[in-house]
Amino acid sequence: MFIIDDLLLRQVGVTIPGLNLIWTLEQIRDFAYRELYNPEKIKNSIKENRLLFELGEITMDEYERTNAKLLQELKLAERGAEMNLSVRTDIMGAR
Amino acid sequence: MNEQESGRYVYCMIKSQGEKKSFGNIGFGGEEVYTLEYKDFAPVVSSAVVKKYEVSDEEVELHRKVVEQVMKEHSVLPVAYGMVFKNKKLLLVAMSAGYKAMKKAMSEVDNRVELGVKVFLPKEAASWDGKEKCKSDFMEALRKKAARSKELKLFSDRLIMNASFLVDRNKIDGFSGEVEQLGNKYPDLKIHYSGPWPPYNFVDIQILSRRKGGFR
């Protein structure tokens, strides 16, 4: 099976308008994912939340609620990082 | 649990006690925390299931509490959370590989503890002047009272300084006094002073933690 790979075409200086747009959209999506599901950022927030609690700026209740939410996000983010979101899956299943 | 077959969860290392020492049933799953022997070291372990240890508040807290209990009477080499070995033999193999590094680390941290100091901006002061000056004031003064120091990541925009200090056990009071004086000098800032901790930031032995999660 012959698969047109836009990255391959890009390398030889050919771009196809439709693919080009998809590529751009994917870049934007991946960037958004990386920002949203950045494990390092979430870890920082977990530490900050803990510090705010220990310094008495937030209550135990607030601390626990935020912490549970952040731990959930961290789990998702780490799973996302393992899966490598930027790999495009070929719908013909012949990657 | 079958002693021969079960995994061993490692909390920390102390100097050899010459014989098995028990710290009570304070380990994961209510298991006994006790020492094994390897040359002049004694890993502090409990029998445990070999699995990935999730990072949850309760479990990290349990690990922390065990190490704190041990460090009341001993100088400890802390071991990262989640380090479990399939059996005693594999643990001793890892210890033999890391022996030299452990020896060096122990000479560094023996009779010393880690103290943490974080300097935090108040809520309403996003554009506080003099952050650099304040940070160097703290670092300079506290370094004089410590054997070693390490600056850590500023994980919040409101953090001016985040550092750990390795301090001789008998000099803790002097260090605390210095922190208090600095606090008086900067009354607007929030100071988070914590410890004594096991010297987590001053021991970095890769042999026991090369792989993420600490599986063996």
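Analyst: A polar contact is a pair of N or O atoms within 3.5 Å; within protein, one must be able to donate a hydrogen and the other to accept it, and residues adjacent in sequence count only if both atoms are side-chain atoms. The model is predicted, so local features need pLDDT of at least 70, side-chain atom pairs need 80 or more, and totals for chains, interfaces and linings use all residues. Residues are numbered from 1 along each chain as written, chains are lettered from A and ligands numbered from 1 in the order written, and side-chain values use heavy atoms, without hydrogens and water.

User: How many residue pairs are in polar contact across the interface of chain B and chain A?

Analyst: Both residues of a pair must have pLDDT 80 or more. Across this interface, the rule gives six.

User: Which strand of chain B gives the most to the side that touches chain A?

Analyst: Strands are DSSP runs of E, at least two residues, and helices are runs of H or I, at least four; both are numbered from the N terminus. Strand 6 (112-120) and strand 9 (190-197) of chain B each supply at least two residues to that side. With three residues, the top giver is strand 9.

User: Which residue of chain B forms a salt bridge with Glu57(A)?

Analyst: A salt bridge puts a side-chain nitrogen of Lys or Arg within 4 Å of a carboxyl oxygen of Asp or Glu. The rule finds three across the interface of chain B and chain A. In the one with Glu57(A), the closest N and O atoms are 2.8 Å apart, and the partner is Lys190(B).

User: Is Ile28(A) buried or exposed?

Analyst: Buried means under 20% relative accessible area, exposed over 50%, and partly exposed in between (1.4 Å probe, protein chains only). Ile28(A) lies in helix 2 (residues 17-36) of chain A. Its relative accessible area is 52%, so Ile28(A) is exposed.
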